[in-house]
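This report describes selected features of the structure shown below. Please read it with the sequence and the coordinates at hand.

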Amino acid sequence: MGIDVEVNGKSFSIDADPNTPLLWVIREELRLTGTKFGCGIGACGACSVHVDGEITRSCLIPVAAVAGKRITTIEGIAAPNGALHPVQQAWIDVQVPQCGYCQSGQIMAAVALIKKTGLPTPAHIDESMTNICRCGTYPRIRRAILAATGQAAAALQGNS
Amino acid sequence: MGVKRRAFLIGGAALIGGGLFAVSWSERAATRRAAKQITKDKAGVFQTWIRIAEDDTVTIFSPHVDFGQGSVTGLAQMAADELDAEWSKIVVESAPVMVAFANAPLAKGFGGELLPFSVPPFLNGIVGSAFAMVARNIPLQVTGGSSSIRATGQMGMRVAGAAARNALITTAAKRFSVPESELTTANSRVIHAKSGRALRYGELAAEAADATISGEPKFKDPKDYRLIGRPIPRLDIPGKVNGSAQFGMDVQLPDLRVATIMAAPVRGGKLDGVDPAAALAIKGVEKVIELDNSVAVLAKGYWQALTGLRALSPKFSDGGHGALSSASIAAAQAAKIQTDKPDNKSGHGDVPAALATSGVRLVEAHYAVPFIHHAMMEPFALTAHFKDGKLDLWGGVQDPLHSRQVAAEAANISTDQVTFHPMMMGGAFGRRLPGFCEIIGQVVQIAKQTPYPVKLIWSREEEVKHGCYRPQATANLKAALDKNGRIAGWTTDYAQSEDATREIRFVYDVPAYALRHYKFATNQHDGPWRSVNSNQNGFYSESFMDELALAAAEDPYQFRRKHLHPGSRHLAVLDDVAKRSGWSTPLTTGRGRGMALVESFNSIVAHVIEASVGDDGRPRAHKVWSTVDCGRVVNPDGAAAQIMGGIIMALSSCVDEAITLEKGAVVQSNFHDYRLLKLAEAPDVDVHFLESNASMGGLGEPGVPPTAPALANAIFAATGTRIRQLPFRNQAKA
């Protein structure tokens, strides 16, 4: 009767209205609050997670649509031994977050972008990083993505 | 830096032990309770903000909340540097939400900066009273006005750190039986070099907390700073990259219920009635709650609550505001300036005479700005629980102490029955000041109707439609140029809700200047939006400055230079940004450069923006250079981030953002029709600080005001179109 999902490597059977957006299942049923609610219409990306490796805005997708799929949230991207994902480390090195509320989604988007492109160019970054940050951390997000992919020289440009 | 000895005195006795910084103006019982609150066994408490444990861990209690400014790290740097504590042993906690932890230095900071009887502008709406009231009676624990570092840090944290260090030295001198002058400190130890002995702070703390020190604490020479001035990584960032940071939205409690709410679409309207049946039919919905001007649905989770709310067809009245629109407000504001007398004014010189002098050339322009929304990424979420006559609240607000008071009033219980648990905030920008947080009253009313804790979450739609916006405003600017092309007189007449005549700094040297406010209120809540009134005034003045340069047939940079004092900080800032941006060098066709210089929150900031306009009519900033003089910089990396963030938020607001009214109600509802700047349109930002010995300025806000005018001036340079209304989109052609 429940909806089976795998979240961060663990299996769950979810007892919820099948139309419930995945976001609220993650936050309220599974108590993983790193994935954020921002707009509810898929416009801001604060709720971004990976569904079978694809970047997905979880506030729009009903939980029934992810039955049997593998979901990864911000809590699940570090290595099993706890070592930070290179993108998380770059976010610390470049001191990206300000209020931090959108950054789980930004990091999930960056991880997906790097997985897809290997070495993202600035054009890839502009095209793919469409999550909103109200604090205005975008220049540092750019630098952190370059830093995470070993493009150190490019990452050092600009001082803000 | 003025340290008043009385900050340490109670009844004439100098005291450190349990000596809380707020004691000079708060009651002693509260002070003792507060000391008890943060004192653990065998730990010494120094002032309001520092606790040293036996294992040398130094806990700093911050009266400020960090919503991304990095000020909590900066405050810890300041306290730890004066204390000579080892950075790795520093921990920061939120100060308890108690009166004894109210922010006396903040009140004092504004006392020094503003006129004696004015309320700091960002506090408008919180306190409708004179400044003296704020200082003596209103328990401030507010984060706003770009004030954390320059007020709390300079007048609080450094004092507390230095005083604690002095007390540790006094105590060590007694134990070693040596004069204090033979002792030094480093890395959380007091050292007696002569005898090769040393004591850890943790070994001294409990006794030192009761030590009596005389006079003012001794401060470090700035050349000996080890932490102040260094780009120390922020303490809050690790928790913000792994999902563990806990925001108000993230509160989890046993049996927690969730509610969401819809207020009357026309502000001022009331709830006439609602049939709850459609919501109650939804699984998980427990209750439909009618409030005076809104309806809320209480459920097991947010989705059920929202689905329930959307199923309802509530009837609301319009409070008599049904005819109001953005256009009607703009027209009425313009008429008010023409026909009425100003409500407030500031300035100097005889402006009417200057404008009437024969031979001068008059230049006049009309500017207008719309309401804009804070759009903090975390919509309001506040949790409340009534139990046994006591109320607990969890959430992120800019003034937990005052919010607690607001909640107590809404609940009709005494303040000491209310406990506020501060959480992180996903943005604030002025929106989370308690005078404008209707959610406090709402969640209290809802919590009264359930035995369970309830988290009230505003949908993004509620957030957009019921903001406390940057005011819609209209301004007429008029100036006279003398025969040498110099400004002889200048007036800015503006209509909006709030007075800003004492907030705005006019930076140019002109013989006569007047800023005149025509009070015009609407049915909307409006108030501080990152940089408050310097925001729109910066746009008017610095756009107009370029219009005057054009009229005088001068380069905008040279024209500004002529109106700044040689040797002034303002001129140094302007020259630096012009030099770094290559102001007079050639540009790619289709691009233009614009500059602006604004002083706000005691910091002087100039930007140069290089921009173009796309075929779609969208202005695009390609690169921004910014030069800042805020006095001393505590954390250069955090400081640059604040200026950068301010610029990008301001660009977003001036290119695209507008909250408009039709039939008294807000038209926009979410990010599809209230568009924010995204990464692809964010320019490179290059920030440079010119450090000076001037008193410290703020950083969270001062990057904002020069942005819109610098972009408007760049658009003019690129296209020949002068834009005098925000937002800029679709006003100029490539």
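Strand β27 covers residues 603-613 of chain B and strand β28 covers residues 619-629 of chain B; the two run antiparallel and are joined by 10 bridges. Among the pairs, Val605(B) has Val628(B) in β28(B) as its bridge partner, and His607(B) has Ser626(B).

In β27(B), Ser603(B), Val605(B), His607(B), Ile609(B), Ala611(B) and Val613(B) point one way. Ile604(B), Ala606(B), Val608(B), Glu610(B) and Ser612(B) point the other way. Both sets are buried, Glu610(B) and His607(B) included.

## The β26-β27 hairpin

β27(B) also pairs with β26(B), in the antiparallel sense and over 9 bridges. Ser600(B) stands opposite Ser603(B) of β27(B). The hairpin of β26(B) and β27(B) has 2 residues between the strands.

Phe601(B) lies in the loop between β26 and β27 of chain B. Its phi is positive, near 50 degrees, in a residue other than glycine. Phe601(B) has 26 other C-beta atoms within 10 Å and is therefore buried.

## The four-stranded sheet

Which strands make up the sheet, and in what order? Four strands of chain B, in the order β26-β27-β28-β31, form an open sheet with mixed pairing. β26 (592-600) and β31 (684-689) of chain B stand at the edges. Each edge strand has a single partner, so one side of each is left without a neighbour in the sheet. Neighbouring strands are turned by 15 degrees against each other on average, direction ignored.

Helices pack on this sheet. Helix α17 (residues 569-580) of chain B lies across β26, β27, β28 and β31 of chain B, and runs at about 30 degrees to β27(B). Helix α18 (residues 636-655) of chain B touches β27, β28 and β31 of chain B. The direction of α18(B) makes about 135 degrees with that of β31(B).

## Helix α2 of chain B

Helix α2 of chain B comprises 13 residues, 71-83. At 1.5 Å a residue it should span 18 Å, and its end C-alpha atoms are 18 Å apart, which agrees. Because 13 of its 13 residues are buried, α2(B) is largely enclosed by the rest of the structure. Asp84(B), which follows the helix, has a positive phi near 60 degrees.

## Other backbone features of chain B

Most residues other than glycine have a negative phi, and most peptide bonds are trans. Ala375(B) has a positive phi near 50 degrees. This residue lies in the loop between β16 (361-369) and β17 (381-387) of chain B. Ala375(B) counts as buried because it has 28 C-beta neighbours inside 10 Å.

The peptide bond from Leu726(B) to Pro727(B) is cis, with omega near -5 degrees. Pro727(B) is found in the segment after α19 (707-719) of chain B.

## Domains of chain A

Chain A is divided into domain 1 (3-76) and domain 2 (86-153). The centres of domain 1 and domain 2 of chain A, taken over C-alpha atoms, are separated by 21 Å. Contacts between them involve 14 residues of domain 1 and 12 residues of domain 2 of chain A. Strand β3 (residues 48-51) of chain A gives the most to the domain 1 side, with 3 residues.

## Confidence

The predictor gives the complex an ipTM of 0.97 and a pTM of 0.91. Chain B averages a pLDDT of 87, and 85% of the residues score at least 70.

Over residues 1-35 of chain B, pLDDT stays under 50; the model has 72 contacts beyond four places in sequence for this stretch. Residues 37-43 of chain B also have a pLDDT below 50, with 15 contacts in the model beyond near neighbours in sequence. Where pLDDT is low, the predicted coordinates should not be read in detail.

Key: Residues are numbered from 1 along each chain as its sequence is written. Chains are lettered from A and ligands numbered from 1 in the order in which they are written. This is a predicted model: local features need pLDDT of at least 70, side-chain atom pairs count only at pLDDT 80 or more; totals for chains, interfaces and linings use all residues. The expected span of a helix is 1.5 Å times one less than its number of residues. A residue is buried if 20 or more other C-beta atoms lie within 10 Å of its own, exposed if 12 or fewer, and partly exposed in between; C-beta atoms are placed from the backbone. Two strands pair if DSSP finds at least two bridges between them. Axes are lines fitted to C-alpha atoms, for helices over the stretch in contact, and angles run from 0 to 180 degrees between N-to-C directions. Two residues are in contact if their C-beta atoms, placed from the backbone, lie within 7 Å. pLDDT is the predictor's confidence in each residue, from 0 to 100. Domain bounds come from an automatic or database domain assignment.
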